[in-house]
Amino acid sequence: MLHKNSTLSYCLQSTKIHCLLLVFAHTVREFFFYRKEYKLFYQKILLICLFIPFLNESMSFLGDEQFEGGNKEKRHREKRRDGSKDRRKRANAKRRERSRADRENEEFEERLGKREKGRRGRVKNDQEAKKRDEQDSEDKENSEDKEVKPESLSPDELEKLKEAVDEKKKLIQSLRGKPWPMKKKLVTLQETLRIQSHDDQDFENFKTACIPWEMKIKEIESHFGSSVASYFIFLRWMYGINMILFGLTFGLVMVPEALMGRPYGSIPRKTVPRAEEASAMDFAVLWDFGGYAQYSVLFYGFYSNQRAIGWLKFRMPLSYFLVGVGTVAYSYMVVIRTMARNANESGVGDDNSFNFSWKMFTSWDYLIGNPETADNKFASITTCFKEAILEEQESRKDDNIHLTRFLRVLANFLVLCCLAGSGYLIYFVVRRSQKFALDGFENHTWWERNEVNMVMSLLGMFCPMLFDVISTLENYHPRVALQWQLGRIFALFLGNLYTFIIALMDEINVKREEENIVKFNITMWEASLYNGTVSENFTASPITIHPADVPRGPCWETMVGQEFVRLIISDTMTTYITLLIGDFLRAVLVRFLNHCWCWDLEAGFPSYSEFDVSGNVLGLIFNQGMIWMGAFYAPCLPALNVLRLHVSMYLQCWAVMCCNVPQERVFKASGSNNFYMAMLLVILFLSTLPNIYTIVTIPPSFDCGPFSGKNRMFDVIHETLESDFPAWFSKVFSYASNPGLVLPFILLMVLAIYYLQSTSKSYKEANVELKKKLQMVIQIMKIILLLPTTVNNWRNNNASFQGQEGEILLPKSRQLENESYSCLIIQTYCLRRKERVTFFSKKTYDNEVKKKSFPVVFSF
Amino acid sequence: MGTTASQLDKGMLSEYQELTFLTKQEILLAYKRFSELLPKEETNGLSYRIPMNAILELPELKTNPFNKRICMVFSTSDSHDGSLSFDDFLDLLSAFSDSATLEIKSHYAFRIFDFDDDGTLGRQDLEKLVNCLTGGTVDTSLTPEEMKQLIDNILEESDIDKDGTVNLSEFQHVISRSPDFVSSFKIVL
């Protein structure tokens with residue numbers, strides 16, 4: 001028994017290993033046989049990876065049986081031990097008894113033998129019983145299989161299954177008939193069978209389990225419909241992009257510098273200056289990203305300009321530059337690819353020919369599971385129908401057109417004033433903060449220190465509300481009004497951001513002038529130091545000065561990075577605080593004060609807040625724009641943003657579920673998707689512009705950052721090409737970057753774009769043409785189908801039709817403009833029936849008849 | 001899930017997975033939700049038919065104006081009472097799932113909108129459809145003239161062969177061009 005069990009477990013173990021080995025050997029063999037089909041090889045490897053958990057699962061399933069077997073074995077061992085105890089007892093007794101009487105000896109031995117036999121018999125019985133049990137259980141399983149499966153499947157499903165089996169059989173048969181070599185047949189068979197195998201399912205299960213926040217989003221989707229969920233899907237998408245940006249900057253810039261670069265305190269740029277040392281660890285300073293935070297891997301200034309660092313000879317400046325370029329390039333690629341995919345998906349539906357039918361058949365959002373949302377949806381569908389009918393009737397009276405025009409112009413004027421005012425305010429505040437910075441921040445209050453960020457956040461918060469109030473003047477259709485609103489907020493944010501950047505540029509110029517003075521001072525200082533030491537002793541020992549004491553220039557790159565980080569932090573804070581106050585606190589107040597208030601708070605004035613999809617999406621887009629803009633000078637920005645998005649995912653999910661009510665006007669998600677993407681693209685473009693400008697035109701600071709000592713930042717590419725690559729490569733590169741080659745290339749691309757655009761236009765036109773033809777063919781088909789009955793009727797009505805001429809009026813339709821087509825077809829039809837047909841010319845019929853019918857005249 | 005999921009053994013799970021557009025987790029969740037609707041004394045959950053009223057109490061279907069039609073369409077019961085067995089329930093969820101094809105979705109949508117089960121969408125069907133969509137209350141419903149205008153417009157657009165009704169292929173033709181049918185024709189448990 002013991003032996004049997006151990007072999008069983010061994011077999012199981014070995015089958016597991018064997019399976020793996022078999023699959024592996026199989027794949028290896030295949031790989032060598034079909035090197036071309038290397039794809040298959042990768043798929044096989046993937047399969048093996050998938051197999052392992054699957055095997056483990058099945059092993060654990062088998063393992064239960066094994067475990068039970070083990071228990072039985074244990075029981076047996078115990079029994080045996082009991083038996084041996086018995087024997088020992090008896091043996092002792094035997095000895096004792098032997099001393100007493102030898103007579104009983106034989107009898108006793110006989111008895112013992114009987115017992116032994118009995119025990120053996122019992123064991124045999126046990127074995128048989130166990131076998132029986134096993135068989136029974138197997139039978140039970142089989143019978144269960146047989147019973148359960150057909151019961152649970154409906155006849156339809158059974159038929160489907162049968163079809164699948166039949167298909168497999170057909171496939172094998174058809175394979176047999178193909179004049180292919182055996183190997184090819186086997187591969188095709190395996191491929192087709194694998195498509196239907198369970199591993200795909202497992203992989204699919206794994207894939208769906210890997211998508212983060214899927215259940216959260218689905219829950220929201222089922223409460224608020226697809227438009228609110230689309231915001232969260234957008235947020236998740238953004239999070240994914242930021243994860244990759246973070247991975248790039250973290251893995252290729254921050255970690256190498258932190259691990260392999262010179263440690264903190266080794267050179268001046270990596271040390272806190274003596275004057276700031278006292279307050280460098282204060283929380284207020286750290287919160288402003290000054291002190292130790294400023295002189296760390298988080299900012300541009302910390303990186304040294306060593307060409308290669310560490311034992312890996314990691315090219316740090318080059319890596320820094322390429323990561324900066326790479327993040328932007330990657331973002332462009334992702335955004336454009338997503339846009340193209342969205343356009344593909346929704347591009348079919350841009351024609352307006354099924355306006356009413358779509359409203360009718362596709363306007364209900366089946367995801368809505370909340371009664372309030374459903375009521376809103378009913379109302380919005382009704383108004384939508386009514387508006388559509390009104391538009392169709394064209395009975396919309398614009399009685400007071402002058403007043404509306406005046407109001408619209410006024411509204412736009414007001415909005416422009418707002419924009420200009422906010423732009424000026426920001427410019428003013430930034431200039432003022434520069435003045436404070438010159439004085440030193442310590443002399444000023446908290447407000448004065450954080451003025452810029454606070455003003456920008458507050459403007460971003462209150463101006464949209466103002467625009468909302470102004471837009472009520474205009475009396476637009478809600479969808480148009482929403483677009484105007486979005487456009488205005490976009491302009492506001494953009495204006496604010498650019499004013500901020502222009503102010504920053506001013507500050508950069510100030511810093512650079514300061515830098516020149518510092519440079520001059522440093523040479524003086526070095527000279528004095530040298531003179532001083534020379535006068536003291538004549539030994540030319542190297543002068544050791546603590547790096548904290550070395551005078552240094554104002555590092556404008558770090559300053560820019562700091563400004564952006566502060567902006568992001570304050571923006572995040574305002575978003576969260578408005579969420580907590582505007583949504584949560586309002587909901588709590590409305591909910592609990594409603595019992596003791598004069599009017600109904602829930603239905604009346606404050607009520608619960610709605611979830612503002614477009615506003616939130618815009619906020620997200622602008623936040624991303626700031627990240628793209630500042631990431632080059634502050635490598636920590638993507639990390640911060642990942643953190644922010646992660647927190648907002650949970651916070652906003654919670655806020656939506658607990659304190660928001662569904663929107664009154666539920667807009668469709670699909671229509672606006674590409675609109676948001678287009679805005680993201682615009683922001684991306686606009687945020688790369690200032691970066692490119694600073695990189696190309698402004699020389700880097702002389703004593704901080706990876707590009708210090710170079711004339712321009714992009715010189716690092718040149719330097720690498722010259723020193724790290726063979727001479728021919730740099731030659732090729734210089735030829736390739738020659739304007740004579742680049743310009744024709746750009747021209748070629750423009751031509752290609754033009755060509756593709758014109759072909760797509762012609763396809764669209766062809767599409768419209770085909771649609772017209774389709775409708776016409778359907779009309780003609782109808783006429784043909786009607787023709788025999790009409791002719792027969794005519795014959796019955798005119799008994800003596802021989803040699804006579806008659807006329808039949810066929811229904812004429814609006815679409816059938818080209819009558820000659822149908823005439824031709826009717827003629828052919830009648831010719832086949834050996835009936836001659838003549839047609840009246842159009843002019844012989846007066847207009848009245850023509851409007852209603854289409855004349856066909858027969859003569860037989 | 002432990003005790004309830006144990007009734008759905010591995011083989012059946014993978015079969016269901018092959019025959020529907022659902023993932024393993026979704027099928028298990030569906031089974032859980034389904035067995036919550038079962039009466040307590042019922043042991044053989046898979047073959048029991050849950051009456052329509054119990055199904056309509058599900059929050060996912062409660063607010064849907066077409067909930068009764070959905071039950072009627074997916075029910076395979078002989079007495080046409082809209083009761084659903086587990087298979088029917090899975091069929092429903094599969095048709096309304098993320099990965100179901102446009103063809104499946106439009107087919108079932110057509111059958112849901114076809115109130116009199118005659119295979120085409122006639123004027124009565126469209127009228128009922130409009131009433132469902134506008135909530136069926138007095139203050140939101142359309143006037144007879146508006147209704148006539150609306151239905152005329154719809155037939156003008158989508159009734160390609162001009163027989164006064166919309167048949168399945170015409171319906172699918174219209175639906176296939178719609179940008180947001182697939183994203184909104186979904187029910188998630």
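Trainee: Which share of the contacts in chain A with a separation of 6 or more comes from residues 24 or more positions apart?
Mentor: First, this is a predicted model, where local features need pLDDT of at least 70, side-chain atom pairs count only at pLDDT 80 or more, and totals for chains, interfaces and linings use all residues. Side-chain values use heavy atoms, leaving out hydrogens and water, while residues are numbered from 1 along each chain as its sequence is written, and chains are lettered from A and ligands numbered from 1 in the order written. A contact means heavy atoms within 4.5 Å. On that basis, the share for chain A is 76%.

Trainee: What percentage of the residues of chain A count as buried?
Mentor: Buried means under 20% relative accessible area, exposed over 50%, and partly exposed in between (1.4 Å probe, protein chains only). Of the 860 residues of chain A, the buried part is 37%.

Trainee: Is W213(A) buried or exposed?
Mentor: Its backbone is worth a look, as phi of W213(A) is near 60°, a positive value in a residue other than glycine. Most residues other than glycine have a negative phi. W213(A) has a relative accessible area of 12%, so it is buried.

Trainee: Where is F289(A) found?
Mentor: F289(A) also has a positive phi, about 60°, without being a glycine. Because its relative accessibility is 13%, F289(A) counts as buried. Helices are DSSP runs of H or I with at least four residues, strands runs of E with at least two, numbered from the N terminus. In chain A, F289(A) belongs to the loop between α9 (283–287) and α10 (291–294).

Trainee: How many residues does the other core have, apart from the largest one?
Mentor: A nonpolar core is a set of buried Ala, Val, Leu, Ile, Met, Phe, Trp, Tyr and Cys residues joined through side-chain atoms within 4.5 Å. The largest has 103 residues, and F232(A) and M713(A) have the most contacts inside it. Another core lies apart from it, with F361(A), A374(A), I389(A) and L90(B) among its members, and its count is 70.

Trainee: How many contacts does the stretch of residues 1–6 of chain B have, beyond near neighbours in sequence?
Mentor: Over this stretch of chain B the pLDDT is below 50. In the model, its contacts beyond near neighbours in sequence number six.

Methods
pLDDT is the predictor's confidence in each residue, from 0 to 100.
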